[in-house]
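Please open the structure in your viewer and keep the selection tool at hand. The tour moves from one selection to the next and says what is to be found at each stop.

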Amino acid sequence: MDEENLKKLWLDAGNEQNVKIDADKLVKSLMNTMSKFEKKIRRRDRIEITVGVLMIPLFGWLTFTVTELIGKIGAAIILINCIVTILKLNRARKVIVKEHFDSEVKNQLETSLKLVRQQIKLLDSVLWWYLLPFFIGVICLTFSSSDNLPFKVIYSIIIMALYGFIWYLNKRAVKRQLKPLESNMVKALQELDTAD
Amino acid sequence: MEEDLKRLFSSIMEDNKQRILRICRIYAYDNEDQKDLYQEVAMNIWKSLPSYRKESSIDTWVYRVSLNVSMQYAFKTQKSKQNRVHIEGINIHDENADLHNDLETMEKKKRMYECISKLTYAEKSLILLFLEDLPYKSISDVKGISENHVAVKLARIKKKLTNCINH
């Protein structure tokens, strides 16, 4: 089949489905959708600020009022980690590379790849900057709180299982979603870059 | 200002609606995914419009947005149905192709889509710009690679595609 016939076949095949656009309805719908996204982001930011506002004074207060040293250390670890987490997430949001879908395909691919790699780095390291410090802080506080050793042990096991599950979910998201995405983008970029 | 943007967006969507659909058909395989992808392209055209600076023609610009969104969509191996956005104002329906085509033409079209589906993501994006009858300079503008590069790659992809269709 020659090129002209192939192009004709392509354009013809594309016309087998018809698109009807109701421009007014579409614009209204898009504006509503964008507004919902923005409200969702503002809600997320409000929740984070509220959690920070509640947890920081609470653990600050515990750091000074808990009498056992191990409890003080635990509360202080949680307090510091709350602050570090909020700062880290804010910083990640600020340095996040912005996608511009109207840029050249190669540029957009490079940008998207950077974004995906940032997300992988954040999720892959969640054990060290998020889960482990909170886990250590909670365990320290637990073992300072009462003489009921069986309760402390059972509670610690439950907390460990919970944090382990969160860690597993993050790792799974990286493996199932982000890594394949990264691999597809790398392959596409390599193809664009090779001269063959 | 907003009214100007709305008018420009409406005219872009009306002028490019079939073009966008042809691209979506390559990157989304079933009707539901095609509609989902079409909506994402429309949303990103709307979002990107304020930054359109007329350095390129509007057609080139639309191809860039459509391809970028479509490739991102295709790259994601898991698409959560919960995150699908429902946007009103877009209606995609099948024309009755059987009335217009003989059996041989229908077979050729089916074969063409099958062969295109076997290409890699990058090859698909290049060949569909070629099939859209864009000159190499415009393809180079959309892709961000040199014209020479486009020519060399397209020569290979065209050969691969026609060999596949003819066998």
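Begin by selecting A:Leu109, B:Phe9, B:Met13, B:Tyr27, B:Tyr38, B:Ile45 and B:Met112, which have the most contacts inside the largest nonpolar core, a set of 76 residues. A nonpolar core here is a set of buried Ala, Val, Leu, Ile, Met, Phe, Trp, Tyr and Cys residues joined through side-chain atoms within 4.5 Å, where buried means under 20% relative accessible area with a 1.4 Å probe, protein chains only. Next select helix α3 of chain B, residues 58–75, which gives the most to this core, with 10 residues; helices are DSSP runs of H or I with at least four residues. Domain 1 (1–82) and domain 2 (83–167) of chain B both contribute residues, so this core lies between them; the bounds come from an automatic or database domain assignment.

The model is predicted, with local features needing pLDDT of at least 70 and side-chain atom pairs pLDDT 80 or more, while totals for chains, interfaces and linings use all residues. Residues are numbered from 1 along each chain as its sequence is written, chains are lettered from A in the order in which they are written, and side-chain values use heavy atoms, without hydrogens and water.

Now colour the two domains of chain B separately: 28 residues of domain 1 are in contact with 22 residues of domain 2, contact meaning heavy atoms within 4.5 Å. Finally, select B:Glu132 and B:Arg19, which form a salt bridge whose closest N and O atoms are 4.0 Å apart, the rule being a side-chain nitrogen of Lys or Arg within 4 Å of a carboxyl oxygen of Asp or Glu.

Technical notes:
Buried < 20%, exposed > 50% of the residue type's maximum accessible area, 1.4 Å probe, protein only. Helix = DSSP H or I, 4+ residues; strand = E, 2+ residues; numbered from the N terminus.
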